[in-house]
Amino acid sequence: MASYFDDHGVNELSENLTSDELPLVMARILLRFGFADDIWLTTMGSDGLGPYPTAKKVIEELPTQIITKEEAEKKNTCSVCLGHLEEDNEVKTLLCKHQFHTKCILPWLEKVNTCPVCREEFATDDPAYEEFRKYKARKKQRDFELDNLHNSMFG
Ligand SMILES: [Zn+2]
Ligand SMILES: [Zn+2]
């Protein structure tokens, strides 16, 4: 393993994260070798990921609605175009409950898998990215359990 990293200059790359692509290159290398530890999480904050399109299934299942006169009076804005959600506009509600015009959010989700407002991550169709998401979720759960254990012993 060490020789693979040396041969491919991976150490050098990881110190020069200039491109958004690099964290993902790291992830693919780590996945290929079944190797993952904290370095993965430190080099791959959610900001460094992607952009990845949102999974087609997720997009298809987003609830669609037409803004009523009453809702239009709330003057909610679509953060993509910064326009109001006006009466008769067709809107989609993301899993995080943020709403956008259908015509604004669809091209966005076809490029990125995060909410433009709160950056909540949605599933993608990319297997490597999905592995990473699962890993991150497991790691978070484990840290949470360790924290609780620590607090119950020493808190
Ligand atoms: Zn819009
Ligand atoms: Zn959101």
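Visitor: Let's start with P107. Is P107 buried, partly exposed or exposed?
Guide: P107 counts as partly exposed, because its relative accessibility is 34%. One thing to keep in mind as we go: this is a predicted model.

Visitor: Let me zoom out. How many helices and strands are in the chain?
Guide: You can count eight helices and three strands.

Visitor: What pattern does the chain follow along the sequence?
Guide: Read along the sequence, the pattern goes α-α-α-α-α-β-α-β-β-α-α.

Visitor: What about the inside? What percentage of the residues count as buried?
Guide: The chain has 155 residues, and 32% of them count as buried.

Visitor: How many residues does the largest nonpolar core have?
Guide: That core has 17 residues. Those with the most contacts inside it are L94, F100, L109, C115 and F122.

Visitor: Which elements give two or more residues to this core?
Guide: Those are α5, spanning 56–60, and α7, spanning 102–109. The biggest giver is α7, with three residues.

Visitor: Why would nonpolar side chains be buried together?
Guide: As a general rule, that is what nonpolar side chains tend to do in soluble globular proteins.

Visitor: Now the outside. Which residues make the nonpolar surface patch of about 460 Å²?
Guide: It's made by L146, L149, M153 and F154.

Visitor: Pick F154. Where does F154 lie, and why does it count as exposed?
Guide: F154 lies in helix α8. Its relative accessible area is 59%, so F154 counts as exposed, the cut-off for that word being over 50%.

Visitor: What about charge? Which residues form the negative surface patch?
Guide: You'll find E70, E73, E87 and D88 forming that patch. Take E70, which lies in helix α6, residues 69–72. E70 counts as exposed because its relative accessibility is 65%.

Visitor: Switching to salt bridges. How many does a search of the whole structure find?
Guide: The search finds five. In general, side chains of opposite charge can pair when their charged atoms come close.

Visitor: Show me one. Which residue forms a salt bridge with R133?
Guide: The partner of R133 is E130, with the closest N and O atoms 3.3 Å apart.

Visitor: Why are R133 and E130 separated by about one helical turn?
Guide: Because R133 and E130 are three residues apart in helix α8.

Visitor: Buried or exposed, those two?
Guide: E130 is buried, at 18% relative accessible area. R133 comes out as partly exposed, at 24%. The cut-off for buried is under 20%, so E130 falls below it.

Visitor: What about D143? Which side chain does D143 meet in a salt bridge?
Guide: D143 meets K139, at 3.6 Å from N to O. These two, D143 and K139, are four residues apart in helix α8, which means about one helical turn lies between them. K139 counts as buried at 13% relative accessibility, whereas D143 is partly exposed at 34%.

Visitor: Last topic: backbone angles. What's the phi of K97?
Guide: K97 has a positive phi of about 80°, although K97 is not a glycine. You'll find K97 in the loop between β2 (90–93) and β3 (99–101). K97 is exposed, with a relative accessible area of 67%.

Visitor: And what is phi of R119 near?
Guide: It is near 65°, a positive value, and R119 is a residue other than glycine too. R119 sits in the loop between α7 and α8. With 48% relative accessibility, R119 counts as partly exposed.

Note on methods: Residues numbered from 1 in each chain as written. Chains lettered and ligands numbered in written order. Predicted model: local features only at pLDDT ≥ 70, side-chain atom pairs only at ≥ 80, totals over all residues. Heavy atoms only, no water. Patch = residues over 30% accessible without salt bridge, like charges linked within 9 Å, V, L, I, M, F, W, Y side chains within 5 Å. Areas by Shrake-Rupley, 256 points an atom, 1.4 Å probe, with all protein chains shown as cover. Salt bridge = Lys/Arg side-chain N within 4 Å of Asp/Glu carboxyl O. Lys, Arg positive; Asp, Glu negative; His and termini not counted. Charge placed at Lys NZ, Arg CZ, Asp CG, Glu CD. Buried < 20%, exposed > 50% of the residue type's maximum accessible area, 1.4 Å probe, protein only. Core = buried A, V, L, I, M, F, W, Y, C linked by side-chain atoms within 4.5 Å.
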